[in-house]
Amino acid sequence: MDWMPVLITSGTIGGVGLACGSALALAAKFLSVPEDPKIAELEGILPGVNCGGCGFAGCADYAKAIASGAASVDLCAPGGPDVLKKLAAATGQEATATEKQVAMVLCQGNEHRAVHKHIYNGVADCNAAAMVAGGDMLCTYGCLGYGSCAFVCPVGAIAIKENLATIHPELCIGCKACIKACPRGIIRMVPESRSVHVLCSSKDKGPVAKKACQVACIGCKMCVKLGGEAFEMDGFLAKRNYAIPATSDTAIEKCPGKCIVKIGASEATTQTAPADGAPSGSHA
Amino acid sequence: MRTTQALFKLRGSIHPEYFKGLARDKDIVAMPLPKQLCVSMAQHLGAPAKPIVSKGDHVLKGQRIGEAAGFISAHVHAPTSGTVTAVEDGPTVTGTLALRVVIEPDGQDTPANALPPIKDWTTAGRDTILARIADAGIAGMGGAGFPTRVKLSPPPDKPIDTLIINGAECEPYLTADHRVMLERAEQIWQGCEIMRSLLGVKTVRIAIENNKPEAIKAMQTAIAKADGDVAICILKTEYPQGAEKQQIFATTGREVPSGGLPMDVGCVVENVGTTYAVWDAVVNGNPLIERVTTVTGHPVAEPRNVLARIGTSYADLLAFCGGLTCDAVKIVSGGPMMGIAQSNLETTTTKTTSGLLFLEASRVPEYTSMPCISCGRCVVACPMDLLPAELSNRIEAGDYDAAESLNILDCIECGCCAFICPAHRPLVQHFKMGKSRVILKRRQAQTKS
């Protein structure tokens, strides 16, 4: 057998490979762009959910922004105080931990409680449903229940039960993606330690609100009388003032609309930072 | 015979069943004044008008009750004389809330005579006539409701050479424009002459689908003595021939660029109803306070073409047409292809209400939407040359950026794709949602920068 062609071929290919390899090795040595090792370190600290809650395109982008000084370290909601502490230590910035905020749907109108005004059989998306005659519920403020918020939640913390979105506070990472998705603007960030909430967003007058839903706020101000500063009125709608703890249960028991509820343990009497952001509905 | 055949065929089109026979041969009947008129301030495209009357005021027929708020907006007038009982938020056809003026008619129908008739409009001057069209609150009566004054005063860098009068009425069921052409052909031609002098154009095309031979004949008689390049353009009956961009293509062969307006290709398109309203406003001094609306559908006892005051509730319109003979499961404001489903009859008519359609259960089949089978029929049917299947998939996945780059904003929401889709995908609904999201995103980006 003539071995020459085999040797020439393997020699040529081997030679080309060797030349290219050494060129790449040299390029890597002399043309490399040094990357700030800080970025990799910061990215390692961040939770890696890529929720976008900080306003950057994922954790890597946020790490880059911190390293370059374009962003502060306290924007990562899912990370909580632990991540904040580590980021602060890594960058030398000072940051005070604020209480974790979780998203809450301020509506209790499920398919049994809220009144439908027509049958909607289109695309199962709240934004689409809201475009047909203003949504299929008589209440123009309440949850439509087609799950646009659940669709965008990166951690699956939102369940749609009986046409009503419910957010699990333990699972919620506070990225606010659901707030952006909700066409009704009824999802609000609340401090995790607070357990008493006014779960209604209807700004309608009492009789109108009552006709549309069994669990509507009728604007009677009972909670403000009984619960003091923990509640406040916004027109015909009661709202929770999260800065003041709601210690007594009388407002919950006496609420004629049954729209004040306690989720979890009673609230401690300590003060908490007010919930950030504007009241629900402002982004719509 | 001043007729031409359409020069070009639509890119994509469909042939739905038309059902125009229900109301085609019914004369336009004026409806007696209802007990209450609710005049919405959001009658037109652009900013809603600002109410200038308050509760308790007495208004006269044709008195201005809403002031145009901005350049793209139109005045609103009282449809009859009576007392303002409320200025409040009320539902619009799309289900959103907008301010409306509720008027309780006094039955006298006393006219305000605010606008003097301009009998000899040929010598009145361009500005006077334009001001009159604005004062009369005229907005496009074909459906979108674009303020007519804005359309008729194009910027100097956009020369106009063709005026197209849209009498295609390609929506199934609707016959309002058909009746207007039959009964008011002479006035339409006069209105057309007014607009022609405003725009300074020689070429006029009156586009009518070939399923309205009587209307074609009536318009032919009306334009018999016209000078210049005036002709009826006979369009093949197919949907959506009446869509502005499609009509320009069919009559002139020009294509409106993506994101552009008809004036970019030297055309102005006006609906026949609008043309009549222009004549009425100029020659008689009547503001736009009534329009012809087709109340139709198989469940309606007596389908009719009703000349109703603006602000008449759908319930009153239905009662005037004898009510329903069987249950209707869907109420549509407008035609079946592009109309908007209603959830009650409290909504009131506006300048753009071309029809009120009632559909019984057998004509509203409920489909289960299935995944796209990639048959491509929607691509063939799309008159705007879009890729409906791809767009729909992207929107379903929440990828609005991709939808934007696939030119979703060019979609005219005609419904051809959804009509033809064998998988019964809710394509148009996806696009409506996607368009609103993309527009919202652009607006947010604009406010940020």
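Predicted model: local features only at pLDDT ≥ 70, side-chain atom pairs only at ≥ 80, totals over all residues.
Analyst: A nonpolar core is a set of buried Ala, Val, Leu, Ile, Met, Phe, Trp, Tyr and Cys residues joined through side-chain atoms within 4.5 Å. Buried means under 20% relative accessible area, exposed over 50%, and partly exposed in between, with a 1.4 Å probe and protein chains only. Residues are numbered from 1 along each chain as its sequence is written, and chains are lettered from A, with ligands numbered from 1, in the order in which they are written.

User: Thanks! How many residues has the largest nonpolar core, and which have the most contacts inside it?

Analyst: The largest nonpolar core has 63 residues, and B:Ile65, B:Leu163, B:Trp189 and B:Ile206 are those with the most contacts inside it. Another core, of 33 residues, lies apart from it; its members include B:Cys382, B:Ala389, B:Ala423 and B:Val438.

User: Which residues does B:Leu163 touch?

Analyst: Contact here means heavy atoms within 4.5 Å. Leaving aside residues up to four places away in sequence, B:Leu163 touches a list that includes B:Cys192, B:Met195, B:Leu199, B:Val201, B:Val204 and B:Val268. Also among its contacts are B:Arg196, B:Thr203, B:Arg205 and B:Glu270.

User: On to rings. How many aromatic pairs does the structure hold?

Analyst: Rings of Phe, Tyr and Trp (its six-membered ring) pair if their centres lie within 6.5 Å; planes under 30 degrees apart count as stacked, over 60 as edge-to-face and the rest as tilted. Over all chains, the structure holds 5 such pairs. One of them joins A:Tyr120 and A:Tyr146: the ring centres are 5.3 Å apart and the planes stand at 65 degrees, so the pair is edge-to-face. The two tyrosines are 26 residues apart, with A:Tyr120 in the loop between strand 1 (101-105) and helix 5 (126-130) of chain A and A:Tyr146 in the loop between helix 5 and helix 6 (148-152). For reference, helices (H or I, at least four residues) and strands (E, at least two) are DSSP runs, numbered from the N terminus. A:Tyr120 is buried, at 12% relative accessible area.

User: Is B:Phe249 buried or exposed?

Analyst: B:Phe249 is buried, with a relative accessible area of 13%, whereas B:Phe8 is partly exposed at 40%.

User: And what lies over the face of B:Tyr276?

Analyst: A charge sits over a ring if NZ of Lys or CZ of Arg is within 6 Å of the ring centre and within 35 degrees of the ring normal. B:Arg184 lies over the face of B:Tyr276, 4.0 Å from the ring centre. In chain A, A:Arg240 lies over A:Phe231, at 5.7 Å.

User: How many salt bridges are there over all chains?

Analyst: Side chains of opposite charge can pair when their charged atoms come close. A salt bridge is a side-chain nitrogen of Lys or Arg within 4 Å of a carboxyl oxygen of Asp or Glu, and a search of the whole structure finds 29. B:Asp135 bridges to B:Arg64, the closest N and O atoms being 3.2 Å apart. B:Asp135 is in helix 1 (residues 126-135) and B:Arg64 in strand 6 (residues 64-67) of chain B, so the bridge ties together parts 71 residues apart in sequence. Another joins B:Arg425 and B:Glu396 at 3.1 Å between the closest N and O atoms. B:Arg425 is buried at 5% relative accessible area, while B:Glu396 is partly exposed at 42%. There is also a network of salt bridges that links B:Lys61, B:Asp109, B:Glu290 and B:Arg309.

User: Last one: how many disulfides are there over all chains?

Analyst: A disulfide is a covalent bond between the sulfur atoms of two cysteines. With the cut-off of sulfur atoms within 2.5 Å, the count over all chains is 0. A:Cys200 has its nearest cysteine sulfur, that of A:Cys259, 5.3 Å away, and A:Cys200 is buried at 9% relative accessibility. For B:Cys326, the closest cysteine sulfur belongs to B:Cys321, 15 Å away and too far for a bond.

Definitions and conventions: Heavy atoms only, no water.
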